[in-house]
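The structure comes first, then the account.

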Amino acid sequence: MRYIVVSIMLLAMFGCKEDNEKSNIEPLSDVESFARSNEQDVVDSNDALPPENPPVINDNVSSQPEGSTVVDEEMEDNVFPQPEGSTVVDEEMEDNVFPQPEGSTVVDEDMEDNVSPQPEGSTVVDEDMGNNVSPQPEDSIAVDENIEGDETLPIPDQNEKKQDINLLVSVDGVNVPHSDLLVFDKENRFIIKDNTQYILHKISGCNGYLDNGHYIINDISSCNINAEFKTKKYHVTSKIEGDGELLPSDFHIEKDKKTNVTISPSKFNKLISIKGCNGELKGELYAIDSVNNDCEIEALFEKEPLTSIKYENVKYTETNLLVSPKKTPIIDAVISNIESNQPSNKFNFTDIYFNYIDGYWHIDNKTSLPLKMLSVKFDGNIVLIQLSQQLPPYSSGILDFYSVSPADIKLESQTKMFNPQMIMGPYQDLCSEKEGDGTACYSLPDEVERKIIEVYLANMHLLANTFNYTKEKDDFFERRCSLNNEQCDNYSDDLLPISQRNLMRFGAEGHRLTLKVMRNKYKAEGVGGGSTPNLSLFETTTGGWASIYYKYTKPDYSKYRHFTNSAYTTWYHEIAHGFGYGHSSGMTYGFADYFSASLVSNDLTEIERTQLPLNPIPELLLETEFIDDNKINIEFLSNTGAELKNVKLDVLTSCPWNYSLSYYDTYENDSAVIHYDDAPKCPLFLRAISSDLKFIATKKISKFELTTSKQYKIKNKTFTILSDRLLDRDANGWGIRSLCPLNNHLATKDEYSELWQYLYDADKLASLSKKLYLASDGPRSYVIWQLNLTVDEMISKHYGMTKFLNYQGLACVTDEPLKSNDEYQELNLDKEFNDPKYWHTTELNDVLFGKVKKENFWHVSKIEKVLFNKYYFLKLNN
């Protein structure tokens, strides 16, 4: 009798099918091709014949010939019925022992549950037998485990050839018991069992090949069979309608394994519905509990509705928005070669300039504020420049941006509230000679006094741009004016709340504010006065002054007020006079006291109120883009990019206009759009306000930015032909001079002649939309020139200055500043003027407010701006 010894090597991590199902095996792909070499599952045709004497391999033990003996030390589940008279010996037999034939002997040291019934007469010996021992038949044979040898087994023929086949099965690279996956069928064939959880990846060894779900071996010698299975996975796909995505959208998942799919609508879109794959919507996730087959998730997205609000005949609007601002880029800059400069006699808080000289960017700080961070337009985009160290007031330095090489840098200041043109020099001792004459004398501050005054002004500028300042001003004037409007100058403009009017008026740029000290005789704690700023101009041409008693300004005096609330109140009160406010306005008596008691006390520490603050930067900035002369795109920027749930967009102007505001009412909103047909006739203020932030960003927009006008470059001059949308038909001969953009002037007759000659030579006269234009000068008083630019010549006529601008056009001019020469001399206040003469000056304010030769006043009969308010043509008459 042939005796075949079968050695089944089980290198497994699990002992039963139940353990396999509980194992955490990573998902893998479907069955790979079996058409391989012996290692890659390809079998040579010459090896396809079955062996003559196939070995018997049984992980699941099949029927044995009559009288045979089966010995297995580690036999596991599913022992099949044995033929009559066979003997089964198993030291560690486990569950599901099948019925044995009559007369068989069962030996098992560790037999556990579910021992199948034994034939009649059999004997069961088991020291550790567990529960559920099946009844044993009569006459069974008991085999003692201590019996030496195995007398029940036949002795094999020593001349017979033994065949050892090692069967190695793995799932996802982990060795597992194989009885459930690969089963010996008959002769030389293995069955690859169907399984809902695993799929065959590849199989090799024993010179075998795959054939219709079977692995057939040809090698009759000892060999190894390697079978690799992978966990079966189901394919999950997505069907999406609209703008959005599911993450992941296409994946494989194991049976009954849970997973989450992230729902990601595109910007300004929302999820309408989602279904499929036994999932459930949980917030922003689609939770899948189990998948038993390939399936598809269906998701529908729709665009969020665009909110649009139409405003007609308005000066002030406020709109609450949900905002998730974009993050403002921050660029580091190393600053070196810092040099201190002479303090400017006049400056505002935005006098910060960038110049590219000899391959380096230079920064020039002409303000009284130290700088550490600045908001700038960096090649047209708003960024924050972080300096490596503080740049002191009135100093300059060289910037190194590492690998960044900008082509253009300009300051982008959005702290526009309280930013006058401050005049504090040069100091002249004009009051000593008047001491003792019993009158008060006012003069500019000396060096010590100036440094103290600068602190007051800088902190007023800081606080005027905070959220609390605007809120306190709104609350104060609402209470005051509702109780007694006479205490608010009987204010009656229903389109513009008085608190908003005061914000723009007190913050009017260009307003000249001269700071003085009251000397000699005490008249009051302070004195001031001035004209009302013109809010229809981007930079007003008005001015005023404010002073404080000299004994309050220096530590040398016993009455010195060391940045006390009363000192702040006095300065705010007198500066309000300098902006044209009277005592019944509420800005002097009233809010000045409220300013110091509430804002200075609560928002400045005891140290901060005594020193210069850093240049303030709003946490939320506004980036604007002007599109097609009818649209302003507004983007919100912040240095953190954090979501802001409460942002109020205020739109202010002193002239009525019509516009609509569009935005998405979602938390991901980062912009808004203003649509208009006609640009406002006055400057536009956009303010981004949040109670969560300290500062308010104020973006000031000129009407000339909202409408495109045709320009011509002629030598060193730029001629701008104003668009009809910018013309004020109610302006007379004097009013038209203020219609030009900042740093421009209305063209003279001679300049129109230059324009006509250029257009004639270039054959561009047809490009003009109008032929008639008005000039700023004229042949005599109360008369200006009207110029007709025909194709052959320029014809001039007289036009009365009292007439309004009708169908004519206007040309504005800007050019480079003129240098001093023989014709134009630098104005010297110590020089005697014997004859009326034209002078070229950089000190216009000294002419208007000062004296020449002490007692001899001079007045200006003609002023023409040239560029940047730096140079003027003056005709002075005694």
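## Aromatic pairs and a helix contact

Across the whole structure, a search finds 33 aromatic pairs (rings of Phe, Tyr and Trp, its six-membered ring, with centres within 6.5 Å; planes under 30 degrees apart are stacked, over 60 edge-to-face, the rest tilted). The model is predicted: local features need pLDDT of at least 70 and side-chain atom pairs pLDDT 80 or more, while totals for chains, interfaces and linings use all residues. Residues are numbered from 1 along each chain as its sequence is written, and side-chain values use heavy atoms, without hydrogens and water.

Two of the pairs are tabulated.

| Pair | Centre to centre | Angle between planes |
|---|---|---|
| Phe476 and Phe477 | 5.0 Å | 85° |
| Trp657 and Tyr659 | 4.8 Å | 20° |

The Phe476 and Phe477 pair is edge-to-face, and both residues are buried (under 20% relative accessible area, 1.4 Å probe, protein chains only). Trp657 and Tyr659 are stacked; Trp657 and Tyr659 are buried too.

Ring pairs join Phe476 and Phe477 into a cluster whose members include Tyr469, Phe591, Tyr594 and Phe595.

Helix α3 (residues 467-483) packs on helix α6 (residues 591-603) at about 145°, the axes being 11 Å apart (helices are DSSP runs of H or I, at least four residues, numbered from the N terminus; axes are lines fitted to C-alpha atoms over the stretch in contact, with angles from 0 to 180 degrees between N-to-C directions). On the α3 side the contact (heavy atoms within 4.5 Å) includes Tyr469, Phe476 and Phe477, and on the α6 side Phe591, Tyr594 and Phe595.

Key:
Helix = DSSP H or I, 4+ residues; strand = E, 2+ residues; numbered from the N terminus. Buried < 20%, exposed > 50% of the residue type's maximum accessible area, 1.4 Å probe, protein only.
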